[in-house]
Amino acid sequence: MPDTPLIQMKGLRDGLLVTLGQAAWPVLESALMTYIEKNEAFFKGARLALEVGNQPLKVMELSTLRDTLSERGITLWAVIGDSPLTQNTAQMLGLATRLHKPAPPVETQPAHQPETAALWVHKTLRSGVRVEHNGNVVILGDVNPGAEVIASGSVIVWGRLRGVVHAGAEGDQHALVCALDLAPTQLRIAGQIALSPRREGDPHPETARLRDGQLQAEPWKP
Amino acid sequence: MSAKIITISSGKGGVGKTTTVANLAVALASEGKKVVCIDGDIGLRNLDVVMGLENRIVYDLVDAVEGRCKLRQAMIRDKRLPELFLIPAAQTRDKNAVSPSDMVRLCDELRSEVDWVLIDSPAGIERGFRNAIAPADQVLIVTNPEMSAVRDADRVVGLLEAEQKPSPSLIINRLNPGLVKRGDMLAVEDIYDLLRINVLGIVPEDESVIVASNRGMPLTLEGKSRAGQAFRNIARRLNGEEIPFLELDAQTFWERLTRLGRK
């Protein structure tokens, strides 16, 4: 199967990686489908990862593509792209956004997060949603059990935190996690992991941080 | 006529999706509406059993989609309620036999002929689920007052949000007021607290549900059971009526007496 300017394909250990070139999405989509139809037998039953460059993809576009592919027996499992919209879309649809799991944090090179723009999430994160961000994350809403937030900086939840949060995921020991109700399934800051104790009494805002290498929660006060 | 298409889903299996579909369909049809139920659980069908129509299947959903029969031929008419139809799933195929766009096409064809289309989604969040929600105007999520079922419901709500479907409504099935009162079962408020979606109905735990589904006679067809009443209320709420929730307090004999005395 010859590569075309719009479509390049290579084999991965556990499937196929298709890299799309630069063009409008409808053009790319139909080029991809033509390519697949020509090699129908080859693609049947395949696991496909799609690299889309900086193409911004909306939920409708990606879910339509996934359904069309699935009608031809092809499983779309990952969409790798540079556009934040595409990454967000892929995460919402439960698709992977990178081919390999990120390497575990290296403690030896902690870098304090500079004051960069935080990721603003104005909704409740439900089970199965994963938010990853290189920087700080502010969530206006709840983090439900089964949802994951992974940030290289701090995480602030204006709501109930009941899922999994990993702040300072790249080793930042100064990262904080604050929530109006801090009751995570599991909390990680840099390389430390803690389970939240059974709460007694009414919920109150709390901040978790590392003190002498130990994860500690204290009342959240300005 | 322009049918409203409703998908009943849950994520977790065994929470009562099929029972809910059968009972809502019967309740809507008893009010004179024309109702078609579609069993979306290809390969593991059982809506036909619960509705007692198993022995009348000639053609199924896959036959209709693949053009081996007309849609009308795959619709089994219920003898007890002439306005109630079932399109059964194929038992010898799998979920890949039908695609989301097939389901949309099929439901569009039904839209002009009936009042309600109820789709019984299979458990899980894979192909069968996506087939079932593709044509839906509204999704009802069935859950039990159990942590695992509520978590799965939350996942499904998240997936529906991702697909930009309108916000789903919740049916809490098999609530045992006695256990809730003792603090051994999640209360309605706990479930709402996590899911934050409109609660359309609460169905109490009721042994007669099992008896009824084994006999292929949906509960709402006859009688006085509490669960049957709850399903009828849900059907009326779907029709836009304002019906208060059943009072499900587990009352002791004395509490009931004092209450009577006060009236």
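Modeller: Helices (H or I, at least four residues) and strands (E, at least two) are DSSP runs here, numbered from the N terminus. It's a predicted model: local features need pLDDT of at least 70, side-chain atom pairs count only at pLDDT 80 or more, and totals for chains, interfaces and linings use all residues. Residues are numbered from 1 along each chain as its sequence is written, with chains lettered from A and ligands numbered from 1 in the order in which they are written.

Colleague: OK, how many helices and strands are there in chain A?
Modeller: Chain A has four helices and 15 strands. Its C-alpha trace spans about 65 × 35 × 30 Å along the principal axes.

Colleague: And how many residues of chain A touch chain B?
Modeller: 16 residues of chain A are in contact with 16 of chain B, contact being C-beta atoms, placed from the backbone, within 7 Å. Helix 3 (residues 59-71) of chain A gives the most to that side, five residues.

Colleague: Switching to chain B: which residues of helix 10 are buried?
Modeller: In helix 10 (residues 207-215) of chain B they're Val209(B), Ala212(B) and Ser213(B). Buried means 20 or more other C-beta atoms within 10 Å of the residue's own, exposed means 12 or fewer, and partly exposed is in between, with C-beta atoms placed from the backbone.

Colleague: Why do they line one face of the helix?
Modeller: Because, seen down the axis of helix 10 of chain B, its buried residues fall within an arc of 95 degrees, taking directions from the helix axis to the C-beta atoms.

Colleague: What do they pack against?
Modeller: Helix 1 (17-30), helix 2 (47-50) and helix 11 (226-238) of chain B.

Technical notes: Contact = placed C-beta atoms within 7 Å.
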